[in-house]
Amino acid sequence: MSNKPPASSTATCTAAPLSICASSSRERNLLSAALESLADVIRRHGLDARKALGQHFLLDPGITEHIAALAGTLDGRHVVEVGPGPGGLTRALLATGASHVYAVELDPRAVAVIEELATAFPQRLDIIQADALKKDLTTLCPAPRQIVANLPYNVATPLLVGWLRQGAEWERLTLMFQLEVAERICAAPDSEHYGRLAVLSQWCADCAIVMKLPPGAFSPPPAVWSAVASITPHKSQPDPALFRAMEQVTAAAFGQRRKMLRGALKGLKGNALLERAEIDGTRRAETLTIDEFDRLARAWRTLAGQP
């Protein structure tokens, strides 16, 4: 991947402070003055970012405040953050009108940092030491709930797919990914990045890249650009059986991208499936729209005898 700025109309963000419309400037100033600097927190706790955990920390408050603002109004919302690290984004979320913030962290060093922060916000911040891949985050808090997170890059995609399965439970997901992953989430049919992740994401939600960040915005800098994706689940969500059918259809269709659909879907009763969904079997997966994949998933659920 190149370190050159991506060519796009989406605004990029540098380390310069950005304005937000969350809580009052007085509250933010008080919060900033009362808390130790993130750099000092990292040094005191020996919280060096670890590649094995996919950690790249955001330390600039202007950037973290902007990410919190991208989630829209958080007044009265319960916000879940995954992988808070030293707590930069956590601080920004606490400076909004969020009712409560739930920080889910696997690294015990970071847990200790957030526990310290929680003592300053005993009624608004909980720290949960857990693997987010194994935790049903909807059990942490009531609705309305959102996820706002700078995700660990090595588990970001499986985390997203798990949350898409629970689309009805989330008001919005505002998530930092590697830029290439964000592009795969938001890609249009018949484009370079269009694939299984785009279909699953856009089938369940409205998706858009709302911010891009260069490697230098992070500590340590990753090798590639990053991006924040805004993912707003549709009011109508597929039931679990239909979601499984879509996972099976997209896995088969995109598993052999160069094949025509009649060959790629052979293991899923190819010709019968395509006929039932009224899809031309000589087409390839990347040319199908989200609606056409929806027809395939519904047809496969019926043919497979799934409830």
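1. Overall make-up. Of the 307 residues in the protein chain, buried residues make up 50%, where buried means under 20% relative accessible area, exposed over 50% and partly exposed in between, computed with a 1.4 Å probe on protein chains only. The model is a predicted one, in which local features need pLDDT of at least 70, side-chain atom pairs count only at pLDDT 80 or more, and totals for chains, interfaces and linings use all residues. Residues are numbered from 1 along each chain as its sequence is written, and side-chain values use heavy atoms, with hydrogens and water left out.

2. Secondary structure and contacts. The protein chain has 12 helices and nine strands; helices (H or I, at least four residues) and strands (E, at least two) are DSSP runs, numbered from the N terminus. Contact here means heavy atoms within 4.5 Å. Among contacts between residues at least 6 apart in sequence, 70% join residues at least 24 apart.

3. The nonpolar cores. A nonpolar core is a set of buried Ala, Val, Leu, Ile, Met, Phe, Trp, Tyr and Cys residues joined through side-chain atoms within 4.5 Å. The largest such core has 65 residues, and Phe177, Ile231 and Phe293 are those with the most contacts inside it. Helix H9 (residues 240-255) contributes the largest share of this core, eight residues. A second, separate core of 34 residues includes Phe57, Ile63, Ala98 and Leu117.

4. Phe177 and helix H6. Leaving aside residues up to four places away in sequence, Phe177 touches Leu151, Tyr153, Ala156, Leu160, Ala182, Ile185, Ser226, Ala227, Ala229 and Ile231. In helix H6 (residues 156-165), seven of the 10 residues are buried, so this helix is largely enclosed by the rest of the structure. The buried residues of H6 are Ala156, Leu159, Leu160, Val161, Gly162, Trp163 and Leu164.

5. Helices H8 and H12. Helix H8 (residues 196-204) packs with H12 at an angle of about 90 degrees, their axes being 10 Å apart. Axes are lines fitted to C-alpha atoms, for helices over the stretch in contact, and angles run from 0 to 180 degrees between N-to-C directions. H8 and H12 are therefore roughly perpendicular to each other; angles under 35 degrees count as roughly parallel, over 145 as roughly antiparallel, 65 to 115 as roughly perpendicular and the rest as oblique. Ala198, Val199, Gln202 and Trp203 of H8 make the contact with Ile290, Phe293 and Asp294 of H12. By class, the contact of H8 with H12 has five nonpolar, one polar and one charged residues. In this classification Ala, Val, Leu, Ile, Met, Phe, Trp, Tyr, Cys and Pro count as nonpolar, Asp, Glu, Lys and Arg as charged, and the others, Gly among them, as polar.

6. Helices H11 and H12. Helix H11 (residues 270-277) packs with helix H12 (residues 290-303) at an angle of about 125 degrees, with axes 9 Å apart. That angle makes H11 oblique to H12. The crossing of H11 past H12 is right-handed; a crossing is left-handed if the near helix is turned anticlockwise from the far one by less than a right angle, and right-handed if clockwise. On the H11 side, Ala272, Leu273, Leu274, Arg276 and Ala277 meet Arg295, Leu296, Ala299, Trp300, Thr302 and Leu303 in H12. The residues of the contact of H11 with H12 divide into eight nonpolar, one polar and two charged.

7. Helices H2 and H5. The axes of helix H2 (residues 38-45) and helix H5 (residues 108-120) come within 10 Å and cross at roughly 130 degrees. Val41, Arg44 and His45 of H2 make the contact with Arg109, Ala112, Val113 and Glu116 of H5. The contact of H2 with H5 has three nonpolar, one polar and three charged residues.

8. Backbone points to inspect. The peptide bond from Ala143 to Pro144 is cis, with omega near 0 degrees, and Pro144 lies in the loop between strand E4 (125-129) and strand E5 (145-150). The bond from Ser219 to Pro220 is also cis, with omega near -10 degrees; Pro220 is in the loop between strand E8 (218-219) and strand E9 (226-233). Lys269 is not a glycine, yet has a positive phi of about 60 degrees. Lys269 lies in the loop between helix H10 (261-264) and H11 and is partly exposed, with a relative accessible area of 45%. Glu278, in the loop between H11 and H12, has a positive phi near 60 degrees and counts as exposed at 67% relative accessibility.
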